[in-house]
Amino acid sequence: MAVSTLGKMRKRVLIAKAGLDGHDRGAKVVARALRDGGHEVIYTGLHQTPEQVVAAAIQEDVDAIGLSVMSGAYMSIFPPILELLSSAGAGHIAVFGGGVIPAEDVERLRTIGVSRVFTPGSSLEEIVEWVGSDL
């Protein structure tokens, strides 16, 4: 991995919008912040299936997948992606996400293997720092 201009390890991150959720502004803002923070970012666009997300992540050899979920369908999106990664031998790819997710469900997601959940109020700096330091 290359070192970014900020002295942190540069990561390859896939930002995805899975399911029927069409609210992509947050995903694009996070993608840009990560890029500006020295990371390589691949954005898949809207309406991806879990299979498409995982296939793209493997093809692009990413370190992490960031999922933006504003529709409330996070328990229908995160588990299949984690299962598909594991089945494909790509369980080393970290999965993180953000959106409107109640605290009790954040804990459920963490329990099943989601590395981090950023809820409303999380700063872009916090997300960029986490990706650069904790993956």
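Visitor: Is Asp61 buried or exposed?

Guide: Asp61 is exposed, because its relative accessible area is 56%; exposed means over 50%, buried under 20%, and partly exposed in between, using a 1.4 Å probe and protein chains only. A word on the basis: this is a predicted model, where local features need pLDDT of at least 70, side-chain atom pairs count only at pLDDT 80 or more, and totals for chains, interfaces and linings use all residues. Residues are numbered from 1 along each chain as its sequence is written, and side-chain values use heavy atoms, with hydrogens and water left out.

Visitor: Where does Asp61 lie, and what is its phi?

Guide: Happy to start with the general idea: most residues other than glycine have a negative phi. Here, Asp61 has a positive phi, near 55°, and lies in the loop between α2 and β3 (64-69). Helices (H or I, at least four residues) and strands (E, at least two) are DSSP runs, numbered from the N terminus.

Visitor: And what is the phi of His47?

Guide: His47 also has a positive phi, near 60°. Its place is the loop between β2 (40-43) and α2 (50-59), and at 44% relative accessibility His47 counts as partly exposed.

Visitor: Let's turn to helix packing. How do I read the contact of α1 with α5?

Guide: Two packed helices are described by the angle between their axes and the distance between the axes. The axes are lines fitted to C-alpha atoms over the stretch in contact, and angles run from 0 to 180 degrees between N-to-C directions. For α1 (residues 25-36) and α5 (residues 124-134), the axes come within 9 Å and cross at roughly 55°. The two helices are therefore oblique to each other; angles under 35 degrees count as roughly parallel, over 145 as roughly antiparallel, 65 to 115 as roughly perpendicular and the rest as oblique. The crossing is right-handed, meaning that the near helix is turned clockwise from the far one by less than a right angle.

Visitor: Which residues meet there?

Guide: Val29, Val30, Ala33 and Leu34 in α1 meet Leu124, Ile127, Val128 and Val131 in α5, contact being heavy atoms within 4.5 Å. These residues divide into 8 nonpolar, no polar and no charged. Ala, Val, Leu, Ile, Met, Phe, Trp, Tyr, Cys and Pro count as nonpolar, Asp, Glu, Lys and Arg as charged, and the others, Gly among them, as polar.
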